[in-house]
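Have the viewer open as you read.

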Amino acid sequence: GWLPNAYSYCPSGSACLLAPLMTKVSVYVMIRVMLSLFGLEWVFAHPGWGDLVVWLAVIAILAGSVMALAQREIKRMLCYLIVAEVGYMVGGAWLGDPNLWGLTGAAYHILADALMTLCLFLAAGILFQFHGIREIGDLGGFFKKAPVTSIGFTIAALAMIGIPPTCGFFSKFYLIRGGIEGGRWEYVAALLISSLIHAVLFFRIFEIAWFGKKTAGES
């Protein structure tokens, strides 16, 4: 609950550092503790913990995605997507599937999401600092005026959705495979629903920014 407020209202430069680093570092530390301190044999030998963490991850995925739908501000929408992305990684690490596809996907998604989030927050910072655009509705026709920013935002958004051959596709592939092999269908369903919501969010932005008739500050 605190993350969207903290990241949305901090300076753009700080947000570009916090968004790709802080949550991902925390998940990395969690995985290192699982591997180095306790060992996977001990961790996955206690299924009660795995069930609890995966269900908490499912709640984070769905809550973050649904809350993102209700946002008008670009940065705040991205912040709620970070909540969902953390659910991807934490849930994947605790799937306990035999071939550890979930843990592999979680480790890969740490790097992939850091790059995607950095690119999206850089674009959002440029929109606000240089063009005064804060809300999605103010993006009308903007992508035609700033092609470099629009290309970077579009590629990162497609990766966040999981469109092949972007990095987001491969990490989600591993996570979904881990969920299937581990029998965690609630996690698989949450990840697919979240990806569809991501698609709705970003394609709505594409429609407004590419084909809209009016941008912020224009009469």
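This is a predicted model: local features need pLDDT of at least 70, side-chain atom pairs count only at pLDDT 80 or more; totals for chains, interfaces and linings use all residues.

Residues are numbered from 1 along each chain as its sequence is written, and side-chain values use heavy atoms, with hydrogens and water left out.

Let's begin with packing. Two packed helices are described by the angle and the distance between their axes. Here, look at helix α2 (residues 12–38) and helix α5 (residues 74–93): their axes come within 10 Å and cross at roughly 10°. That angle makes α2 roughly parallel to α5 (under 35 degrees counts as roughly parallel, over 145 as roughly antiparallel, 65 to 115 as roughly perpendicular, and the rest as oblique). The axes themselves are lines fitted to C-alpha atoms, for helices over the stretch in contact, with angles running from 0 to 180 degrees between N-to-C directions. Helices are DSSP runs of H or I with at least four residues, numbered from the N terminus.

Who makes the contact (heavy atoms within 4.5 Å)? From α2 come S12, A15, A19, T23, K24, V27, M30, I31 and M34, and from α5 come K75, I82, V86, M89, V90 and A93. By class, that contact has 11 nonpolar, 2 polar and 2 charged residues (Ala, Val, Leu, Ile, Met, Phe, Trp, Tyr, Cys and Pro count as nonpolar, Asp, Glu, Lys and Arg as charged, and the others, Gly among them, as polar).

Now for the charges. The count comes to 3 salt bridges, each a side-chain nitrogen of Lys or Arg within 4 Å of a carboxyl oxygen of Asp or Glu.

The salt bridge between D51 and R184 comes in at 2.4 Å, N to O. D51 belongs to helix α4 (residues 47–69) and R184 to the loop between α9 (167–181) and α10 (185–211), 133 residues apart. D51 is partly exposed at 32% relative accessibility, whereas R184 is buried at 13%.

E181 and R177 make a salt bridge too, at 3.3 Å, N to O. They are 4 residues apart in helix α9, so about one helical turn separates them. E181 is partly exposed at 30%, and R177 is partly exposed at 33%.

On to the rings. How many aromatic pairs does a search of the whole structure find? There are 8, where rings of Phe, Tyr and Trp (its six-membered ring) pair if their centres lie within 6.5 Å, and planes under 30 degrees apart count as stacked, over 60 as edge-to-face and the rest as tilted. F38 and W42 are stacked, 5.1 Å centre to centre with 20° between the planes. F203 is partly exposed at 42%, while F206 is buried at 8%. Finally, W101, Y108, F169, F170, F173 and Y174 form one aromatic cluster.

How values were computed: Helices (H or I, at least four residues) and strands (E, at least two) are DSSP runs, numbered from the N terminus. Contact means heavy atoms within 4.5 Å. Buried means under 20% relative accessible area, exposed over 50%, partly exposed in between (1.4 Å probe, protein chains only).
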